[in-house]
Amino acid sequence: MNYTKLSTCSRIPIYDENPENMGELRIVLYGQSGQGKSTLGGIILGNREIFTSNKDSKKCHTEKKTITGQEVVVVDTPGLFKVGDDREEVVEEIKRSIKHAEPGPHVFLYVERFKEISQEKLDALKVFQDTFGKQAVDYTMVVFTTKKKKIMEETLKSLTRLTDQFPQRYFVFNIKDIEQQESQLAELLKKITHLKNCTPHCYTSKMLQEAEEALKIQKKTKPKPEEEWRSFYDRCGLMGMAVGCAVGYFICGGELTPTTGAGVGAVVGMMLFVGIAFLGVLAKIKIQTCCK
């Protein structure tokens with residue numbers, strides 16, 4: 001499958017809207033560092049380097065340009081998961097993009113590399129959902145950037161866990177192919193304009209506040225990590241006691257005396273408890289390392 005055919009796989013019908021009648025178009029770019037987000041924003045505004053200085057910045061960067069009679073505002077946000085960055089600070093700055101696009105963005109362009117699904121991609125998706133809430137889905141299009149002309153359909157299938165969150169709203173954009181850049185951009189802008197016309201008004205500061213409140217409630221109702229692990233250790237202890245008693249029963253030929261039962265149960269139970277707890281701690285360390 002060649003690039004030109006796959007680039008239409010967003011499956012949003014293309015209409016002949018007249019941009020001159022559409023008013024201002026406000027776009028917010030979101031994504032991890034190194035995914036081609038800033039480059040895509042520059043391509044949209046006709047200058048690939050316009051957001052280059054923002055690649056290493058922790059601040060939002062806003063630029064605008066009139067394209068075929070329509071004022072287009074693009075807000076580039078700080079990239080997620082950069083080594084050494086404080087995630088909470090980055091997320092707070094990303095939230096400020098709504099003010100940069102007042103009264104609010106018509107479209108979020110969620111930018112990712114066209115590569116097979118990874119835990120980082122899923123983590124970025126969760127940050128987006130937690131930050132902007134369920135209502136943001138209706139205003140979002142996923143743009144996969146690539147430098148390859150030949151696109152593997154298997155890769156697209158592997159990304160369904162991401163694309164399914166934004167039904168029928170994804171687009172593959174080759175940021176290296178200069179010859180096809182103009183036609184790609186025209187198609188992308190048509191799809192963005194169509195999405196804008198299909199959603200009421202724009203994503204607003206009120207929606208962001210509602211998302212923040214929903215996240216606070218979610219955090220309050222979710223058990224604390226300490227409580228979860230305490231419960232886990234308690235279950236390990238109970239499992240150890242049960243297995244220990246069973247082993248003691250069989251060792252004693254079916255006659256479990258208090259002395260032998262207690263002794264064997266304690267030994268076997270302790271071994272089982274230590275083993276399971278050790279595996280649990282390893283899993284916890286791995287999860288914490290992945291989420292940093």
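1. A quick definition before anything else: a residue is called buried when its relative accessible area is under 20%, exposed when it is over 50%, and partly exposed in between. Glutamate 93 has 5% relative accessibility, so it falls in the buried class. Its salt-bridge partner is arginine 96, with the closest N and O atoms 2.7 Å apart. Arginine 96, at a relative accessible area of 41%, is partly exposed.

2. Keep in mind that this is a predicted model. The protein chain averages a pLDDT of 76, and 66% of the residues score at least 70. The stretch to watch is residues 1-21, where pLDDT stays under 50. The model still gives that stretch 51 contacts beyond four places in sequence. Where pLDDT is low, predicted coordinates should not be read in detail.

3. Now the overall picture. The protein chain has 11 helices and 6 strands, and 42% of its 292 residues count as buried. Take the contacts between residues at least 6 apart in sequence: 76% of them join residues at least 24 apart. The chain exposes about 16300 Å², with carbon and sulfur atoms supplying 57% of that area.

4. Just after the helix comes glycine 133, with a positive phi of about 80°.

5. Lysine 126 meets aspartate 130 at 2.7 Å, N to O. Both sit in H5, 4 residues apart, about one turn of the helix. In an α-helix there are 3.6 residues a turn, so residues three or four places apart point the same way. Lysine 126 is partly exposed at 45%, and aspartate 130 is partly exposed at 22%. Elsewhere, salt bridges with shared partners join Glu92, Lys95 and Glu212 into one network.

6. The other bridge runs from lysine 121 to glutamate 112, at 3.2 Å from N to O. Side chains of opposite charge can pair when their charged atoms come close. The structure holds 9 salt bridges.

7. On to the rings: a search of the whole structure finds 13 aromatic pairs. In one of them, phenylalanine 108 and tyrosine 203 have ring centres 5.2 Å apart and planes at 75°, so the pair is edge-to-face. Phenylalanine 108 lies in strand E4 (residues 107-113), while tyrosine 203 is in the loop between helix H8 (181-198) and helix H9 (205-221), so the pair ties together parts 95 residues apart in sequence. Phenylalanine 108 is buried at 0% relative accessibility, and tyrosine 203 is buried at 0% as well.

8. Tyrosine 203 has another ring partner, tyrosine 139: this pair is edge-to-face, 6.2 Å centre to centre with 80° between the planes. Tyrosine 139 sits in the loop between H5 and strand E5 (140-146), so its pairing with tyrosine 203 ties together parts that are 64 residues apart in sequence. Tyrosine 139 also counts as buried, at 4% relative accessibility. These rings belong to one aromatic cluster made of Tyr30, Phe108, Tyr110, Phe128, Phe132, Tyr139, Phe166 and Tyr203.

9. Last, two spots in the backbone deserve a look. Most residues other than glycine have a negative phi, and most peptide bonds are trans. Glutamate 102 and proline 103 are joined by a cis peptide bond, with omega about 5°; proline 103 is in the loop between helix H4 (97-100) and E4. Threonine 68 has a positive phi, near 45°, and lies in the loop between strand E2 (61-67) and strand E3 (70-76). Is threonine 68 buried or exposed? At 56% relative accessibility, it counts as exposed.

Technical notes: Residues numbered from 1 in each chain as written. Heavy atoms only, no water. Helix = DSSP H or I, 4+ residues; strand = E, 2+ residues; numbered from the N terminus. pLDDT = per-residue confidence, 0-100. Contact = heavy atoms within 4.5 Å. Buried < 20%, exposed > 50% of the residue type's maximum accessible area, 1.4 Å probe, protein only. Areas by Shrake-Rupley, 256 points an atom, 1.4 Å probe, with all protein chains shown as cover. Salt bridge = Lys/Arg side-chain N within 4 Å of Asp/Glu carboxyl O. Phe/Tyr/Trp six-rings, centres within 6.5 Å; stacked < 30°, edge-to-face > 60°.
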